[in-house]
Amino acid sequence: SSPFLSGPFFARAAMAAIFGSIKDKVTSLVGQSAPNGAAVPDDEMDPGAPQHILSKDIVKEGWVTKQSRNIKDWRRRYVILTPDCIATFKDGAQGRNYSLKDATELVFFNSALAVKSAEQETGKDNAFCVQRTKDGRYFYFVAAGQQDKEEWIGAIGKLMVRRTVMMEPEEDCPY
């Protein structure tokens, strides 16, 4: 048995890793929590925002594989794209309404985003990522195929451009 895998050195390192992780999680994920562990930081929640996603508000939806937030495992998730957010769920079906409290992950567009292909970063075909620019966090996804990946990137990019245009101050407009 290796001396590094037992004894006081290992115990201190393991405890530091565990408690450091817990401390980081608590300080970065304060805010609304769903029973399944999803958390939305306070600065991302719009208090006036609806707590449900209505089928009429869905821009794109479908199954993708997503890298989990903490363990970094790849899990199959149903992704809903709306003009306000990207939400992931353990299950889903087209034409239904969704409660935000059931989401496994919520990424709101009020924190500026970037979207791009991520095949090299992940080593997976048809991978793409969404980066939250305010904290640099990446959200990695793998689409079912090349066309599906391009559709996701296009839909997210279009919403980002649309929000940027809508949010620019009126005095910049020459008309």
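These are my notebook entries on one predicted protein model.

I kept to the predicted-model rules: local features need pLDDT of at least 70, side-chain atom pairs count only at pLDDT 80 or more, and totals for chains, interfaces and linings use all residues. I number residues from 1 along each chain as its sequence is written, and side-chain values use heavy atoms, with hydrogens and water left out.

**Fold.** I looked up the secondary structure first. The protein chain has three helices and eleven strands. Helices (H or I, at least four residues) and strands (E, at least two) are DSSP runs, numbered from the N terminus. Along the sequence I read α-β-β-β-β-β-β-β-β-β-α-β-β-α.

**Totals.** Of the 175 residues in the protein chain, 37% are buried. Buried means under 20% relative accessible area, exposed over 50%, partly exposed in between (1.4 Å probe, protein chains only). The chain exposes about 10,800 Å², and carbon and sulfur atoms supply 55% of that area. These areas come from the Shrake-Rupley method with a 1.4 Å probe; for residues, only the protein chains shown count as cover. I then checked contacts (heavy atoms within 4.5 Å). Among those between residues at least 6 apart in sequence, 46% join residues at least 24 apart.

**Sheet.** I traced an open sheet of seven strands, ordered β8-β6-β5-β4-β11-β10-β9, with antiparallel pairing. Its edge strands, β8 (105-108) and β9 (113-117), each pair on one side only. Neighbouring strands in this sheet are turned by 30° against each other on average, direction ignored. Axes here are lines fitted to C-alpha atoms, for helices over the stretch in contact, and angles run from 0 to 180 degrees between N-to-C directions. Two strands pair if DSSP finds at least two bridges between them. I found two bridges between β4 (residues 60-67) and β11 (residues 137-142), in the antiparallel sense. Thr65 stands opposite Val142 in β11.

**Lys149.** I moved to helix α3 (residues 146-167), which holds Lys149. Is Lys149 buried or exposed? Lys149 counts as buried because its relative accessible area is 4%. Its side chain makes a polar contact with the side chain of Ser117 at 2.8 Å. A polar contact is a pair of N or O atoms within 3.5 Å; within protein, one must be able to donate a hydrogen and the other to accept it, and residues adjacent in sequence count only if both atoms are side-chain atoms. Beyond four places in sequence, Lys149 touches residues including Glu119, Asn126 and Phe128.

**Asn126.** Asn126 is buried, at 14% relative accessible area. The Asn126 side chain reaches the backbone nitrogen of Gln146 at 3.1 Å. Outside four places in sequence, the contacts of Asn126 include Phe141, Val142, Gly145 and Lys149.
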